[in-house]
Amino acid sequence: MKIALMDSGIGLLAAAAAVRRLRPDAELVLSCDPGSMPWGPRTPEDVTARALAVARAAAAHHPDALIVACNTASVRALPALRAALEPALPVIGTVPAIKPAAAGGGSVAIWATPATTGSPYQRGLIADFGGSAEVTEVPCPGLADAVEHGDEAGIDRAVAAAAALTPPDVRAVVLGCTHYELVATRIRDAVQRPGRPPLALHGSAGAVAAQALRRIGAAPAPTAEPSGTLTVLQGGRPAGLPEAALTYAEGRILTAAAPVR
């Protein structure tokens, strides 16, 4: 079994680690183009062109499924990716976990990139799945870039700024960019208020990993022999994981399980 994941940068680590936990025997192909980050401010046409290039580089390795582990690419380019690659290659997009976060009502915040915050796409998801929850959209300028480069001070500043915009009574936070899942603990620590019930964080990595297995008819097998290989592509060329990736638990999980090819 071979699962490919694509993103502009290392935001795909969370979903890749989730696949690794479900199927330690799966071969993984990680395709990204960090030199073109960030994708959020780019035009839809530019994002689509870059996403297609990254996806085709992954598809050349003949995976069984492709996870689009990027919210921006899923918003801007998913129809084009599916038109180009399906049905031969199942394509699984990433959608912010607004529905499960809002299921309990109350105050919910969606942390997302400035380009996604307030967008018709996100507003549509809130209208469709927000239910009775009081949803606050929180822009997080600079957070994805800081995570991508392992910039500890930048992460702290961006998280603190977004936490200041988050309602004090918030019950749940939706992590609306895949990069944010890599610093979920820091987000929780910044937003959790003393005396409040434990904050719920809702990412998408586990859901897209499970959906990828369903699309190819494979069952989870977390106790399988950890024999899966890891192939990394940057700009379509073989590469190693960026040094910043190893500062996150998800990156260390991937390299501990298999050598990078």
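Predicted model: local features only at pLDDT ≥ 70, side-chain atom pairs only at ≥ 80, totals over all residues.
Residues are numbered from 1 along each chain as its sequence is written. Local features need pLDDT of at least 70 and side-chain atom pairs count only at pLDDT 80 or more, while totals for chains, interfaces and linings use all residues; side-chain values use heavy atoms, without hydrogens and water.

Helices (H or I, at least four residues) and strands (E, at least two) are DSSP runs, numbered from the N terminus. Four strands form an open sheet in the order β6-β5-β7-β8, with parallel pairing; two strands pair if DSSP finds at least two bridges between them. The edge strands, β6 (134-139) and β8 (200-202), each pair on one side only. Strand β5 (residues 107-112) runs parallel to β6 and is joined to β6 by 6 bridges. Ala-112 has Pro-139 in β6 as its bridge partner.

The largest nonpolar core has 51 residues, of which Leu-30 and Trp-111 touch the most other members. Helix α1 (residues 13-22) gives the most to this core, with 6 residues. A nonpolar core is a set of buried Ala, Val, Leu, Ile, Met, Phe, Trp, Tyr and Cys residues joined through side-chain atoms within 4.5 Å, where buried means under 20% relative accessible area (1.4 Å probe, protein chains only).

Cys-177 lies in the loop between β7 (172-175) and α8 (184-191). Cys-177 is buried, because its relative accessible area is 10%. Apart from neighbours within four places in sequence, Cys-177 is in contact (heavy atoms within 4.5 Å) with Asn-71, Trp-111, Thr-113 and Ala-144. Thr-72 is 105 residues from Cys-177 in sequence, and their C-alpha atoms are 8.0 Å apart.

How values were computed: Buried < 20%, exposed > 50% of the residue type's maximum accessible area, 1.4 Å probe, protein only.
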